[in-house]
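Trainee: Please take me through one part of this model closely. I would like to look at how the two chains meet.

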Number of protein chains: 2
Amino acid sequence: MRPTFDSLEQDAAAGNGLLDRRLFLSGSVGAALVMGGITPNAAGSEPLRVEPWMKVPGSPFIGYGQPSRFEDKVVRAIPAPPNPATQGVGPARTPLHLLDGMITPSGLHFERSHSGIPDIDPDRHRLVIHGLVRRPLVFTLEALSRYPMQSRIAFIECGGNSAALNAPLAQPLGMAAIHGLLGCSEWTGVRLSTLLDEAGVEPSARWLIAEGADSAAVSRSIPLAKAMDDALVCLYQNGERVRPSNGYPVRLLLPGFEGIMNVKWLRRIKLVNEPAMTKDETSKYTILLKDEKAWQFVLPMEVKSIITRPAPGLMLKGPGFYQISGLAWSGNGSIRQVDVSADGGRSWAPAALQDPILPKAPVRFRAVWQWNGGPAILQSRATDDTGMVQPTRAQFAAERGLRGVYHYNAIASWRIDEKGEATNFYA
Amino acid sequence: MRPTFDSLEQDAAAGNGLLDRRLFLSGSVGAALVMGGITPNAAGSEPLRVEPWMKVPGSPFIGYGQPSRFEDKVVRAIPAPPNPATQGVGPARTPLHLLDGMITPSGLHFERSHSGIPDIDPDRHRLVIHGLVRRPLVFTLEALSRYPMQSRIAFIECGGNSAALNAPLAQPLGMAAIHGLLGCSEWTGVRLSTLLDEAGVEPSARWLIAEGADSAAVSRSIPLAKAMDDALVCLYQNGERVRPSNGYPVRLLLPGFEGIMNVKWLRRIKLVNEPAMTKDETSKYTILLKDEKAWQFVLPMEVKSIITRPAPGLMLKGPGFYQISGLAWSGNGSIRQVDVSADGGRSWAPAALQDPILPKAPVRFRAVWQWNGGPAILQSRATDDTGMVQPTRAQFAAERGLRGVYHYNAIASWRIDEKGEATNFYA
């Protein structure tokens, strides 16, 4: 006889069906994890059904592979352009609810472009380092390729991610529309400090301006300390050359800093002694507070987490066991803990965190949830190793107000109804 | 005045120009790393050249992104089929010399197929677990998706990788042709032990047979201990659903074990009490020794490393500084050390290893090399945390002979000539 749900009651870790995270570690709980109710069908006797694809030779090799044709709905969400002339201006968002793991496939990594994707010839592209340096330098791609490189797995999050949750009433939006301005790649490139050492930074330099080769010439001011700390001039994304929508042939990576500062199509680094106050850091990308003042140059993305499954559009198929899965990250360091709630924050259970836990990289967290078929409000709450805890929406509103559209990192909620449908919700 | 090469002599770590790996750590050597000779052109005065792509809006968003058109030569190497009827039989090899980092982009992950790529409808596909179990089970994809999952970054290497180095004379082959049956992804799926626990393995079971849903029905016998240890039934590869050429919609991952055992298009797990002696583990995938005996069921891929750059086809452009970069891995554990030689193994310098160093995952290693323009023989030698050291070709030949075509893991050499060209070479 199958174990029933009751046999797992000993493993309850929080209210409304959240089970102990040790269930992820084989053999570490008394009973093996037998999840009655997921696999109702016992196998019939042999022979197994032979499907049509086993009766004919498969397709031949191709040089550059693509996803299955059955996955053609797994694409970035692209809003209809308000004007055909500006169809490359705006965001393309990652469908995080259809993904798992830590890496974002490069074809689905979100994109925020300010004047479309430039078609850059890598043989003609140059990176210039000038301004307050002893030796202004021009780098070809080939020259950059000869320098010692470094790889790191890092998230990039648009400063405007999750801004939809600033709306006074919860909007009927899905995963990508709310949280899809987040991606993670293994980035490989030359340390910016190596190139700056070669150019010889003048003692008076305090900032640098990074400029892209798109026709918007996106420009941001970056503290020199960050450039010398962990900035990378990236040539590779997930093993291959950086994708066009993510800055081909060379982009800047400022681990943890808001997305736009990781300047794509990088063409210029100019050393200066004060911020340039470019259009991209004055009219936008400042943090508007409730008293109509604004924070400027608050650059790391704060500790945050989101539940990617269940999520709107992914129906639960009846009561029983489900995995709650999501991502947590912090621009200030490493994730230390993620807690999950199924009752809107009244009780919390620690989630299992997937190794490796890397600084300024997303961590996949998971919890086992026994859904009883009733309403539930799912939340996740991340804590990073600086001790920062993701605030509730009320705490966030009390500190900053809800008029800004950048750096929204409050706890988000999905409400599950009796039909098993998830919707955006303010708990 | 620029520092000259001589100023770095204090950092020599081995013969023929290998420098200290601490050069990878900013600020950890006395002098900053100033690599005179790479960037001969000082920047001109402003304004910078404005390229044509800065003068027009860029291209609009697309749902699923692709590499730049300028990278259209970066594809898998596919041998011409001997017979049009068998065009999906054989290997498609990863162009490792054109990549960097640890992750292989899914579109370039090597593929070894025995009857082409089946076009599997995920809604119809089933995974059956039967044989010596108490409850035979049939899993739909949807059912598998509800179980607790795990992610891990792992290499997969075909048992036949690098077999070209068994030839008596070094063949004029490139990176992909010799070593391109290696890839690495972040794999996500359900622990096989979870599913086996649910089916209830009978005490008499010792092995299991994994079978694919391709028309070759690739089948391999797997020790039960491995299945219970770290096997994953994978639904995701680098964040998205597994690619067709790598087993869509579900493949087995046996971390560290020879490639074919990571059965693609997984349709069946049958618990048995002894190996099945399938065609895929008798006529092939055994290790032929020099005395005409063979090792069978030697399953983990042994410690190994390869230099991916410099490599054939990538010309060095004159004397000066270069990065030597490559990958090291072991199916038995984690990489502990990689040494690099520029003089054919007479002297060795430890390479810098890229964090994170994960078990049964490739590690990117790097060294700085000051090429003097003369001939050089580049080698790498990996050591894993079980103490296994990659053998020389002579040691490998003395132990196993060179008649087999599987599990070749000896130290490989690239010879650099005075023109800067790399060729396959036996040191």
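Mentor: **The interface and its symmetry**

A rotation of 180 degrees, with 0.0 Å of shift along its axis, superposes chain B on chain A with an RMSD of 0.0 Å.

A word on conventions. This is a predicted model, in which local features need pLDDT of at least 70 and side-chain atom pairs count only at pLDDT 80 or more, while totals for chains, interfaces and linings use all residues. Residues are numbered from 1 along each chain as its sequence is written, chains are lettered from A and ligands numbered from 1 in the order in which they are written, and side-chain values use heavy atoms, with hydrogens and water left out.

Now the contact itself. Chain B gives 125 residues and chain A gives 125 residues, contact meaning heavy atoms within 4.5 Å. Of the interface residues of chain B, 100% are also interface residues in chain A, so the copies meet through the same surface.

Next, the area. Between them, chain B and chain A bury about 10,700 Å², with 56% of it on carbon and sulfur atoms. Buried area is the accessible area (1.4 Å probe) that two parts lose on being put together, summed over both. B:W53, B:F61 and B:R146 supply 10% of the area that chain B buries against chain A, more than any other three residues.

Six salt bridges are counted between chain B and chain A; each is a side-chain nitrogen of Lys or Arg within 4 Å of a carboxyl oxygen of Asp or Glu. One of the salt bridges joins B:R69 to A:D119, with the closest N and O atoms 2.7 Å apart.

By class, the side of chain B that touches chain A has 58 nonpolar, 35 polar and 32 charged residues. Ala, Val, Leu, Ile, Met, Phe, Trp, Tyr, Cys and Pro count as nonpolar; Asp, Glu, Lys and Arg count as charged; the others, Gly among them, count as polar.

Conventions. Least-squares fit on C-alpha atoms with pLDDT ≥ 70 in both.
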